[in-house]
Amino acid sequence: MNTPLQTQLYADARVIRVTAAQTAALVIAFLLSHWSILLWILLADFALRAFTYWPSPLVLVSRIIVHWVGLPALPTFAPPKKFAAALGFGFTALILVLWYTVPVDAATIAGVALITLAILESCFNVCAGCYIHSWIVAPVRNKIYQRRWAASSRISE
């Protein structure tokens, strides 16, 4: 049985990849139809994935698809994936801002970039946000923890 901590630390990589495919499909549908509601839905979905531990609608659909296909769970470390979802939230917000404020070309370029990143995750298991997390966020966090540990060990001596 999974404890809440295990649920927060690990996610199913196969569900994440199917969710990335759905993300790409939504952005492609937006670029073809110009229905901004699709981006608003995606923005809300990214917000749920990045900033809460509640399952988002796309994740729920992905779980159903993965279960229906019969794929076993493949655990992966969740914090980099949550960081990638936060970047996806920012990217989607950027596309919406560009869509409403500047010529359509800028939003299209940003949309194609998001599609590319989602396809990289979905088809090739390459998570750009996870690389950014490991290059920037994790080293900074580790330095902070090392300083705290060093300070606490000096206090206890």
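User: Is the disulfide of Cys 127 and Cys 130 right-handed or left-handed, and what is the torsion about the S-S bond?

Analyst: Let's start with the general idea: a disulfide is a covalent bond that joins the sulfur atoms of two cysteines. Here a pair of cysteine sulfur atoms within 2.5 Å is taken as a disulfide. The torsion about the S-S bond of Cys 127 and Cys 130 is about 70°, so this disulfide is right-handed. Their sulfur atoms are 2.4 Å apart, and the structure holds 1 disulfide. Please keep in mind that this is a predicted model, where local features need pLDDT of at least 70, side-chain atom pairs count only at pLDDT 80 or more, and totals for chains, interfaces and linings use all residues. Residues are numbered from 1 along each chain as its sequence is written, and side-chain values use heavy atoms, with hydrogens and water left out.

User: How far is the sulfur of Cys 123 from the closest cysteine sulfur?

Analyst: That distance is 14 Å, to the sulfur of Cys 127, which is too far for a bond. Cys 123 is partly exposed at 47%, while Cys 127 and Cys 130 are both buried.

User: Thanks! How many aromatic pairs does a search of the whole structure find?

Analyst: The search finds 4. The idea is that rings of Phe, Tyr and Trp (its six-membered ring) pair if their centres lie within 6.5 Å; planes under 30 degrees apart are stacked, over 60 edge-to-face, and the rest tilted. One of them joins Phe 30 and Trp 99: the ring centres are 4.9 Å apart and the planes stand at 75°, so this pair is edge-to-face. Phe 30 belongs to helix H2 (residues 13-33) and Trp 99 to helix H5 (residues 78-101), which puts the partners 69 residues apart. For these labels, helices (H or I, at least four residues) and strands (E, at least two) are DSSP runs, numbered from the N terminus. Phe 30 is buried at 0% relative accessibility, and Trp 99 is buried at 19%.

User: And which arrangement do Phe 51 and Phe 89 show?

Analyst: Phe 51 and Phe 89 are also an edge-to-face pair, 5.3 Å from centre to centre with 85° between the planes. Phe 51 lies in helix H3 (residues 37-51) and Phe 89 in H5, so the pair ties together parts 38 residues apart in sequence. Phe 51 is exposed at 52% relative accessibility, whereas Phe 89, at 25%, is partly exposed.

User: What lies over the face of Tyr 53?

Analyst: Lys 82 does, at 4.5 Å from the ring centre. The test asks for NZ of Lys or CZ of Arg within 6 Å of the ring centre and within 35 degrees of the ring normal.

Note on methods. Buried means under 20% relative accessible area, exposed over 50%, partly exposed in between (1.4 Å probe, protein chains only).
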